Amino acid sequence: MNLTPRPAEATPLAHDRVYRRMRSRIMHGDLPPGQALTLRGIGKEYEVSMTPAREAVRRLAAEGALTMSTSGRISTPELSSDRIEELAALRALIEVELASRALPRAHLALIERLQTINNAVGDAVAQRDAVRYIRTNLEFHRTLYLRAQAPAMLAMAETVWLQMGPTMRALYGRLRRTEPPQFHRLIIAALRAGDEPGLRLAVRSDVTQGLRMLAR
């Protein structure tokens, strides 16, 4: 019996690999807003044919991570002020609820892990590394929200992060940070104290403050 996969059967694997790598790059701000892409360029970069590149782009476009014009132009999103406001409001709703649900399960090991990640955020700021800053910042939030045990809600939050990745890169450049986000320290302090109102306020402030500056 021949168990060797046919070439066509490898295509979904190639598509998924391209999708996941591009998704990570977009979410972490590796591509600026309005960055033009081509299927040929994507195929060359990820060493795949046009079909996996096209399927990955379609999947990312469906998630709002890429835009496709009627002429077929592919690019990272350039968000309007109204769209930034909308996504900031979504972050405030979803992530505050996730943090609140995580609080009863916020054991000491989790709090220490968050402190370690926040130290890495500080290192990224000191090195002026925008992509590493965004990646470690999202890791901080994801690590906390995983304790909420609400996978559907977390998936919604990650979709918002994905749509905002290039915009977060632009925000980082405007803020010119010199230290980690102050609200991370307040989040950690609220977790240690079991302070739910304080935690909700710190998370809401953290996920909206900078974005609302961009929307002005």
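Mentor: Let us begin with a definition: the expected span of a helix is 1.5 Å times one less than its number of residues, and helices (H or I, at least four residues) and strands (E, at least two) are DSSP runs, numbered from the N terminus. As for the ground rules, residues are numbered from 1 along each chain as its sequence is written, and side-chain values use heavy atoms, with hydrogens and water left out. This is a predicted model, in which local features need pLDDT of at least 70 and side-chain atom pairs count only at pLDDT 80 or more, while totals for chains, interfaces and linings use all residues.

Trainee: What makes the span of α4 close to the expected one?

Mentor: Helix α4 has 22 residues, for which 32 Å is expected at 1.5 Å a residue, and the distance from its first C-alpha to its last is 31 Å.

Trainee: Why is R91 called buried?

Mentor: Buried means under 20% relative accessible area, exposed over 50%, and partly exposed in between (1.4 Å probe, protein chains only). The relative accessible area of R91 is 5%, so R91 counts as buried. Other buried residues of α4 include I84, L87, I94 and L98.

Trainee: Which residues does R91 touch, once those up to four places away in sequence are set aside?

Mentor: With contact taken as heavy atoms within 4.5 Å, R91 touches V96, H141, V160, W161, M164, M168, V207 and L211.

Trainee: How do you know that E95 and R91 form a salt bridge?

Mentor: A salt bridge is a side-chain nitrogen of Lys or Arg within 4 Å of a carboxyl oxygen of Asp or Glu, and the closest N and O atoms of E95 and R91 are 2.5 Å apart, so the pair meets the criterion. Both residues lie in helix α4 (residues 81-102), four residues apart, about one turn of the helix, and both are buried.

Trainee: What makes D16, R20 and R59 a network?

Mentor: Salt bridges link the three residues: R20 and D16 meet at 2.8 Å, N to O, and R59 and D16 meet at 3.1 Å, N to O. R59 lies in helix α3 (residues 50-62) and D16 in helix α1, so the pair ties together parts that are 43 residues apart in sequence. R20 and D16, by contrast, are four residues apart in helix α1 (residues 7-27), and are therefore separated by about one helical turn. The structure holds twelve salt bridges.

Trainee: Why do β1 and β2 count as edge strands?

Mentor: The open sheet has three strands in the order β1-β3-β2, with antiparallel pairing. Within it, β1 (36-37) and β2 (67-68) each have a single partner strand, so one side of each is left without a neighbour in the sheet.

Trainee: How do you know that β1 and β3 pair?

Mentor: Two strands pair if DSSP finds at least two bridges between them, and β1 and strand β3 (residues 74-75) have two, in the antiparallel sense. In β3, I74 is the bridge partner of L37.
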